[in-house]
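Hi everyone, thanks for making time today. Please have a look at the model on the screen, and I'll walk you through a few parts of it.

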Amino acid sequence: MSKMEEGKLEKPNAKERSKHEEEELPLMALNHVSRLCRNVEESVDFYTKVLGFVKIERPPAFDFDGAWLFNYGIGIHLVHSEDEERLPADTDRLDPVDNHISFQCEDMEAIERKLKDLNIKYIKRSVEDHENKTTIDQLFFNDPDGFMIEMCNCENIKLVPAGPLGNIKLPVDRHTPPVDLNQNGKDANK
């Protein structure tokens, strides 16, 4: 595709652009993250009380134990696991370079206070980028099944494509599913 010359990117020619455009997928945003759990209600309790998610109705076609949660434009689908081997063996292990989901956070101190109040074990880190004079603060903790969660203020870092620019898409209007705020004919926000 594009070639590098003297540190500058050349723009793709019309034929290369046309081929790239044909290969693009019509993705909009991350819809949900699915998590296996030992106890659905315990996990619902954690994700609603600790992270502020809201339990929503699941389509009745799903005939297995689970729950759907939603907030912040993000879905979490909890699925009861009958197989203990599919879940983390060590529910206390915290390793920032292991698998985790990460949430953007506006107030890291508020999250840290909440974790302390709820007596949830966590790791706190700051990563400094001296070249760009930015710092990222991170908190890592586990859900009840040992799946790691990160809270960060990663908006402090500018995303810079590491190769050809491509076609980065940022959702602006339809990135979340419609939310029905009327419950039994009443506005749920009143």
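How many bridges join strand β4 to β5? There are three, and the two strands run antiparallel, with β4 covering residues 54-56. Before going on, a word on where this comes from: it is a predicted model, in which local features need pLDDT of at least 70, side-chain atom pairs count only at pLDDT 80 or more, and totals for chains, interfaces and linings use all residues. Residues are numbered from 1 along each chain as its sequence is written, and side-chain values use heavy atoms, leaving out hydrogens and water.

Now the overview. The chain has three helices and 12 strands; these are DSSP runs numbered from the N terminus, helices being H or I with at least four residues and strands E with at least two. Of the 190 residues, 28% are buried. Buried means under 20% relative accessible area, exposed over 50%, and partly exposed in between, using a 1.4 Å probe and protein chains only.

Back to β5, residues 66-71. Five of its six residues are buried, so the strand is largely enclosed by the rest of the structure. As for the rule, two strands pair if DSSP finds at least two bridges between them. In the hairpin of β5 and β6, two residues sit between the strands, and tyrosine 72 takes a positive phi near 60 degrees.

Let's turn to the rings. There are six aromatic pairs, where rings of Phe, Tyr and Trp (its six-membered ring) pair if their centres lie within 6.5 Å; planes under 30 degrees apart count as stacked, over 60 as edge-to-face and the rest as tilted. Phenylalanine 46 and phenylalanine 141 have centres 6.4 Å apart and planes at 55 degrees, so this pair is tilted. It links helix α2, which holds phenylalanine 46, to strand β9, which holds phenylalanine 141, 95 residues apart. Phenylalanine 46 is buried at 9% relative accessible area, and phenylalanine 141 is buried at 0%.

Phenylalanine 53 and tyrosine 72 make another pair, with centres 5.4 Å apart and planes at 85 degrees, so they are edge-to-face. Phenylalanine 53 is buried at 3% relative accessibility, whereas tyrosine 72 is exposed at 52%.
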